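Please look over the model below before reading my comments. I have kept them brief and in numbered form.

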Amino acid sequence: MGALASRPRKDQHIDGATALVKQRGSRTMTSDLSKRLLIAVRHDMVGKALARSTPVDDAPEIWDDPDDMPYNPATFMDFIGRDTANLLAKAAKHGSPANTDSSNNNIHADIFWQAKALEARFAAWAEDVPAEWLPFAVPRHLIPQEVIAAGVLGDHCDVYSHTSVCATWNSWRVGRIKILVLLANYEQIESKQDAVLQIQRLGDDILASLPFMLGSKIQPAEMHNTDFVYPSIPGEGVPASHYQSAAAYGGLSLWVPMIAILENNQYMRDDQMCFTGQQFARIGRLYDVRNPTYEGLTSLAPRATLSPS
C-alpha cells in the first residue's frame, strides 16, 4: 500500500485531537505533557490547512495559551501559519481581484493589507530566530559526491541543527510563497516582478534543504540503515541522531514544500521545476507513494531532464 493511502486516517486523528483540545480548552492544559500535545495538535492543524488551502479553526479554546507555554520559533510559526491559512481561504472564497466586480473592492483591499502584514511577520520571524536555527551553507565542492549524484541544485546545500529546524524553515518558506503569490495577484508589474524573484529564492532554499534531509539515499531502506552519506558542516561530521531523524521524518517533511514549488510552476524557473520533478519522483520511490495526486503533480514538471550533478 502506498504511503499516502493512509492520509484520510491521519486527517481523522487530527480532527479528533482538535475536537478534544477544543472541548477541554487550551488553558486547562497545564502539564508539560499536555502542553506538548497542544503544540503538536496546533502544528498538525496548520500543516493540513496550508497543504490544502483550507481555513484553521481559530477558536480561543484552541489558541489561548496556558501559563508558561514553551515558546520557540516553531510555535511562533504555527500562529503565523494559522493566520496565513485563514487569509488564503478568504481570498479563495472571493476570487481574483481582476475577475470580480467593484462591490468586492473593500474586501480585496482588506485581503491585500492583511497579506502585506503577514509578509512583514514572515520577514520578522526570519530576523528573530536564534543563531542555532540559522542554516549553514555548504559549498558544492565540500558536499560528498554521493550526495551530489543523488541530487543537488546550484552551488551549495544547507545544513541545519536538526531535521525539525529544517522542517520549520520549510514551513516558513511555503507560507511565504503562498502569501507572495497572493500579493502578486494584487501588485503592479514592478512589485510583481520583485515577488516572483522572492518566490524563486524561496524555492531555491527549499531545494537546498533536500540533501540535508535525504542525503545519498535513492532507494527504500530499513530505518536503522546508516550506510548513507549526508552533508555536514566542515570539520563537524554528521550527528548520529541525524541518521534516525532524517530516515523517519526527512523525506515526508519535504512533501508539502515540494508541492508548493510544483503548484506554483508559473513563478518558478525551468531548472527548479525539472529538479523538483526528479526529486519528487525520488521521494515517491523512497516512501512507496502510489497516489493520483502524486502522479498529477509530477506531470507539472517539464519533461526535459536535468542532470543532478
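1. Confidence. This is a predicted model. The mean pLDDT over the chain is 85. A score of at least 70 is reached by 86% of the residues.

2. Helix 2 with helix 4. Helix 2 covers residues 32–52, and helix 4 covers 73–94. Their axes come within 9 Å and cross at roughly 35 degrees. The crossing is left-handed. From helix 2, the contact takes in Ile 39, Arg 42, His 43, Val 46, Ala 49 and Leu 50. Helix 4 answers with Thr 75, Asp 78, Phe 79, Gly 81, Arg 82, Thr 84, Ala 85 and Leu 88. By class, the contact has seven nonpolar, four polar and three charged residues.

3. Helix 10 with helix 11. Helix 10 spans residues 255–263 and helix 11 spans residues 270–286. The axes come within 10 Å, at a crossing angle of roughly 145 degrees. This crossing is left-handed. Trp 255, Met 258, Ile 259, Ile 261 and Leu 262 form the helix 10 side. The helix 11 side is Met 273, Thr 276, Gly 277, Gln 279, Phe 280 and Ile 283. Which classes make up this contact? Eight of its residues are nonpolar, three are polar and none is charged.

4. Second largest pocket. The volume is about 350 Å³. The lining has 15 residues. Closest to the centre are Leu 88, Lys 178, Val 181, Leu 182 and Asn 185. Helix 4 and helix 7 (163–184) each give at least two residues to the lining. Seven lining residues are nonpolar, six are polar and two are charged.

5. Cavity. How many cavities of 30 Å³ or more are there? The count is one. The largest cavity has a volume of about 30 Å³. Its lining consists of Met 213, Leu 214, Lys 217, Tyr 230, Ala 246, Leu 286 and Tyr 287. Six of these residues are nonpolar, none is polar and one is charged. Leu 286 in this lining falls in the range of helix 11, residues 270–286.

How values were computed:
Residues are numbered from 1 along each chain as its sequence is written. This is a predicted model: local features need pLDDT of at least 70, side-chain atom pairs count only at pLDDT 80 or more; totals for chains, interfaces and linings use all residues. Side-chain values use heavy atoms; hydrogens and water are left out. Axes are lines fitted to C-alpha atoms, for helices over the stretch in contact, and angles run from 0 to 180 degrees between N-to-C directions. Helices (H or I, at least four residues) and strands (E, at least two) are DSSP runs, numbered from the N terminus. A crossing is left-handed if the near helix is turned anticlockwise from the far one by less than a right angle, and right-handed if clockwise. Contact means heavy atoms within 4.5 Å. Ala, Val, Leu, Ile, Met, Phe, Trp, Tyr, Cys and Pro count as nonpolar, Asp, Glu, Lys and Arg as charged, and the others, Gly among them, as polar. On a 1 Å grid over the protein atoms alone, a cavity is a set of points where a 1.4 Å probe fits but cannot get out, and a pocket is an open set with protein on both sides within 12 Å along at least five of seven lines; lining residues have an atom within 4 Å of a point. Grid points are joined across faces, edges and corners, and a volume is the space filled by probe spheres set on the points. pLDDT is the predictor's confidence in each residue, from 0 to 100.
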